[in-house]
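Please walk me through the aromatic rings in this protein.

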Amino acid sequence: MGKFVWTAQLEIGIDVIDKQHRRIVEYINQLDDARSSGHPREEIGRVVSELVDYTLSHFAFEESMQEEAGYPFLKAHKKVHDLFAQRVSEYQARFLRGEDVSRELNSLLVTWLFNHIKRDDADYVESVQSNLQRQNDFVEKKKGFFSRLFK
Ligand SMILES: [Fe+2]
Ligand SMILES: [Fe+2]
């Protein structure tokens with residue numbers, strides 16, 4: 001498992017979220033490049049931590065959209081995010097101890113993200129979408145706090 005090819009299937013239809021998902025996919029591909037072309041460990045470690053930071057901000061942003069929209073499965077969705085974050089941080093810890101986990105981590109990211117977007121993220125679209133139509137300044141209001149997601 002290596003390159004993550006973005007497909008229209010992965011578009012959930014909320015522009016701001018689709019952009020963030022694409023960015024995460026770019027990071028995963030960057031990791032794959034760094035890994036497969038034998039870049040130094042520090043370089044791989046740097047890509048991993050940027051990817052993790054960005055993904056965690058994305059999760060927080062998604063959860064805040066869901067909360068605002070009164071999405072009924074927010075708790076379950078957050079739990080899925082938290083479990084994933086925990087798994088990834090275990091990999092990061094192993095990586096820092098010197099283990100060669102980047103390949104395994106790479107394939108976890110591809111598989112997990114693909115399934116999560118298609119199944120779990122797709123599920124909140126209706127609820128969040130109709131809330132966004134009611135208050136179309138939501139994204140603008142959040143830009144300060146989540147500035148890194150809008151670069
Ligand atoms: Fe997402
Ligand atoms: Fe999500």
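The charged end of Arg 23 lies over the ring of Tyr 27, 4.2 Å from the ring's centre. A charge sits over a ring if NZ of Lys or CZ of Arg is within 6 Å of the ring centre and within 35 degrees of the ring normal. Arg 41 does this too: its charged end sits over the ring of Phe 95, 4.1 Å from the centre.

This is a predicted model, where local features need pLDDT of at least 70, side-chain atom pairs count only at pLDDT 80 or more, and totals for chains, interfaces and linings use all residues. Residues are numbered from 1 along each chain as its sequence is written, and side-chain values use heavy atoms, with hydrogens and water left out.

Now look at rings facing rings. A pair of aromatic rings is described by the distance of the centres and the angle of the planes. Rings of Phe, Tyr and Trp (its six-membered ring) pair if their centres lie within 6.5 Å; planes under 30 degrees apart count as stacked, over 60 as edge-to-face and the rest as tilted. The whole structure holds ten aromatic pairs. Take Phe 59 and Phe 84: their ring centres are 6.0 Å apart and their planes are at 70 degrees, so the pair is edge-to-face. Phe 59 lies in helix α2 (residues 41-69) and Phe 84 in helix α3 (residues 74-96), so the pair ties together parts 25 residues apart in sequence. Helices here are DSSP runs (H or I, at least four residues), numbered from the N terminus.

Phe 59 is buried, at 4% relative accessible area. Phe 84 is buried as well, at 5%. Buried means under 20% relative accessible area, exposed over 50%, and partly exposed in between (1.4 Å probe, protein chains only).

Finally, Phe 61, Phe 145, Phe 146 and Phe 150 form one aromatic cluster.

Definitions and conventions: Chains are lettered from A and ligands numbered from 1 in the order in which they are written. Helices (H or I, at least four residues) and strands (E, at least two) are DSSP runs, numbered from the N terminus.
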